[in-house]
Amino acid sequence: MLSIKNLQAKIGEKQILNGIDLKVNAGEVHAIMGPNGSGKSTLASVLAGREEYEVSGGEVDFLGKDLLELSPEDRAREGIFMAFQYPVEIPGVSTINFMKTALNQIREYRGQQALDAVSFLQLMKEKMKLVEIDQSLLNRSLNEGFSGGEKKRNEIFQMAMLEPKLAILDETDSGLDIDALRIVANGVNKLRNKNNATIVVTHYQRLLDYIVPDYVHVLYKGKIVKSGTKELALELEAKGYDWIKSEVTVA
Amino acid sequence: MSTSIARDLTTEIIEAQPTFNVGTELRNEAWTQFKDLGLPGTKHEEYRFTPVTRHLEKNFNLSKSNSDSNLSSVADYLIPDLDANVVVLVNGRFNALLSKVVSLESEITITTLSEALLNNTVARAHFNKYVNNESDAFAAWNSAAWQEGVFIHVPENTSVNKPVFILQLNDASSEQVVTQTRILGVLEKGATVSVIEKSDSIGNEVVFHNFAEEWVVKEEAHLEYCKIQNDAGKICQVSNSVIHQTTSSKLNTFTLTLNGQLIRNNLHILIDGENCESHFYGLYLLNGNTLADNHTVVDHKKPNSFSNEMYKGVMDGNSKGVFNGKIFVRPHAQKTNAFQSNRNIIISDNATVNTKPQLEIWADDVKCSHGCTSGQLDEEALFYLRSRGISETNAKAMLLYAFAAEVLQPIQNETLKSYLDHLIADRLQKNF
């Protein structure tokens with residue numbers, strides 16, 4: 001589904017990604033872990049199309065398309081969804097109206113008919129249950145005055161609405177208490193199937209107790225320095241990142 | 001080679017003054033004030049971004065009178081489905097055939113100003129008492145040369161059920177039009193009325209509309225005021241609006257500017273009583289070569305009142321926005337709460353905005369704040385919307401609309417609100 005080859009990216013003059021190689025197949029969950037500043041969030045942002053980052057080398061193929069050539073909206077329409085680490089507050093735009101516009105533009109791109117008001121509402125009600133989010137919250141301005149947990153639940157709600165092929169969760173666990181974490185993870189798990197894939201970007205192993213990965217990759221200084229299965233995450237939790245750092249330095 | 005000779009417009013105007021039958025004494029006084037002030041040049045502090053005088057020099061013959069218009073319907077200029085009293089002025093003259101008063105005579109008096117000044121003691125008592133003839137040349141010019149106007153009077157403890165819609169049309173289909181019109185509105189104690197002003201021009205020739213109005217909002221009275229400037233013609237409009245509030249009165253103003261060549265609004269609020277509540281909202285969504293300048297003054301003369309001003313602008317194309325907001329809190333006006341904000345978004349490289357708050361506070365126990373910002377759209381918000389599949393164009397429209405529509409909040413009449421909402425959505429291309 002996704003194939004990243006030797007991806008390099010910088011912001012301004014600062015090189016952040018130094019040659020990432022990663023393959024994600026349908027049905028898989030990949031965790032990207034690593035110490036602060038290793039480039040985890042940059043990788044997520046580059047995949048979603050954030051324009052501050054300049055891709056200075058490498059290629060990304062997503063379902064046969066050159067992802068790096070696509071605008072952020074076209075990436076979303078092709079099936080990529082990034083759950084933001086810091087969801088943006090947008091006064092005056094309600095989540096409902098925003099989702100309706102987004103969903104219908106995606107459908108239009110895919111040659112599907114726009115959903116009428118009734119079917120949209122029905123779909124929304126169904127997805128709201130998944131992340132235990134209240135409609136009153138969705139009538140309000142997007143994320144404005146939402147708690148940390150509400151914002152993250154809103155991200156997963158949007159993901160449920162848009163049904164992406166590849167979901168990228170950027171530090172979705174940050175700022176969540178254990179109950180909110182469980183609700184969010186539960187939502188993500190219910191959305192998993194053999195046709196979609198998930199990349200979980202996280203600093204801590206905690207989230208991976210709930211969203212169990214098939215593969216774990218450790219990012220350090222803009223490169224994947226170690227890959228393994230879920231046991232690697234446990235090892236990192238026990239030993240910390242210093243162990244990886246020294247291993248990389250020795251090599 | 002041709003040489004251009006600078007025109008002395010002030011003298012030209014005075015020499016060409018027509019004769020009037022009504023209010024001669026006050027007019028003569030105003031002519032003197034106009035002569036003393038002279039039209040403001042580009043170095044004039046209050047008009048330095050807004051070259052009205054130069055615009056008049058270049059485009060108008062000011063010694064010519066207007067031709068008659070044979071306009072037979074105003075349907076195109078009304079607010080659809082708005083059940084209102086309709087007052088129509090065409091080329092500076094009251095048009096009885098196109099006007100329609102539906103409210104009861106016991107609820108409201110609506111007459112021409114010239115008639116009111118002959119017969120109505122309330123009109124005579126208040127006319128020309130508030131407008132800034134001594135400081136603004138356009139106000140003085142209007143006081144001297146007003147052609148016609150509207151007088152509105154709401155008696156004590158009366159709530160007028162239907163709004164008053166004042167439509168000023170300038171028919172420039174055959175030649176230039178220069179109009180000087182005027183409104184005087186008096187709300188007696190406990191009276192309530194909603195007023196909507198709109199101006200439009202017809203045809204492609206130039207229009208200069210010099211407008212002045214005085215509103216007297218007495219004790220516990222409540223005025224809802226809305227001005228719509230969406231004139232697609234070649235209009236240059238100067239408005240001098242003065243609203244005088246007394247004890248426990250309420251005021252909401254909303255000024256929407258979408259079109260015109262050169263628009264200057266002087267809105268002057270005198271809060272001359274305690275426990276007044278006043279909200280002033282403004283929205284200017286400009287494109288093309290439009291220049292729109294809002295100069296507002298809020299003058300707290302008495303203690304314990306509240307004022308809140310919020311003006312927002314979006315500048316596209318080669319447009320220019322100007323905002324100047326003065327707040328005065330006089331020495332006696334303790335416990336005043338006065339807030340002001342002016343926010344601007346510039347979406348084109350060739351558009352500009354000049355914004356200036358000016359607070360002069362002489363009382364020491366007050367709460368005042370002001371803030372002004374000018375910038376581009378929030379990139380992070382734009383990316384967020386796009387990352388969900390919304391096109392860049394639509395994401396921008398969504399954000400701009402959300403930014404702009406906030407100022408509609410205080411509008412109470414649903415028909416009016418939905419009309420304004422459509423105007424805003426159309427301008428910002430939020431058509432999805």
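Here are some questions and answers about chain B of this predicted model.

Reader: Into which domains is chain B divided, and how far apart do their C-alpha centres lie?
Author: Chain B has a domain 1, covering 22-272, and a domain 2, covering 378-432. Taking the C-alpha centres of these two domains, the distance between them is 30 Å.

Reader: How many residues of domain 2 of chain B are in contact with domain 1 of chain B?
Author: Contact here asks for C-beta atoms that lie within 7 Å. On the domain 1 side of chain B, 14 residues take part. Their partners in domain 2 of chain B number eleven.

Reader: Which strand gives the largest share of the side of domain 1 of chain B that touches domain 2?
Author: Let's look at the strands on that side: β7 (192-202), β9 (222-229) and β11 (250-257) of chain B each supply at least two residues. The largest share is three residues, and it comes from β11(B).

Reader: What classes of residue make up that side of domain 1 of chain B?
Author: Sorting the residues there by class gives two charged and three polar ones. The remaining class on this side of domain 1 of chain B is nonpolar, with a count of nine.

Reader: At what angle do helices α8 and α9 of chain B pack?
Author: Helix α8 spans residues 392-405 and helix α9 spans residues 414-427. Their axes are 10 Å apart, and the packing angle is about 145°.

Reader: Which residue is the charged one in the contact of α8(B) with α9(B)?
Author: α8(B) brings B:Tyr401, B:Ala404 and B:Ala405, while α9(B) brings B:Asp421, B:Ile424 and B:Ala425. Five of these residues are nonpolar, none is polar and one is charged.

How values were computed:
Residues are numbered from 1 along each chain as its sequence is written. Chains are lettered from A and ligands numbered from 1 in the order in which they are written. This is a predicted model: local features need pLDDT of at least 70, side-chain atom pairs count only at pLDDT 80 or more; totals for chains, interfaces and linings use all residues. Axes are lines fitted to C-alpha atoms, for helices over the stretch in contact, and angles run from 0 to 180 degrees between N-to-C directions. Helices (H or I, at least four residues) and strands (E, at least two) are DSSP runs, numbered from the N terminus. Two residues are in contact if their C-beta atoms, placed from the backbone, lie within 7 Å. Ala, Val, Leu, Ile, Met, Phe, Trp, Tyr, Cys and Pro count as nonpolar, Asp, Glu, Lys and Arg as charged, and the others, Gly among them, as polar. Domain bounds come from an automatic or database domain assignment.
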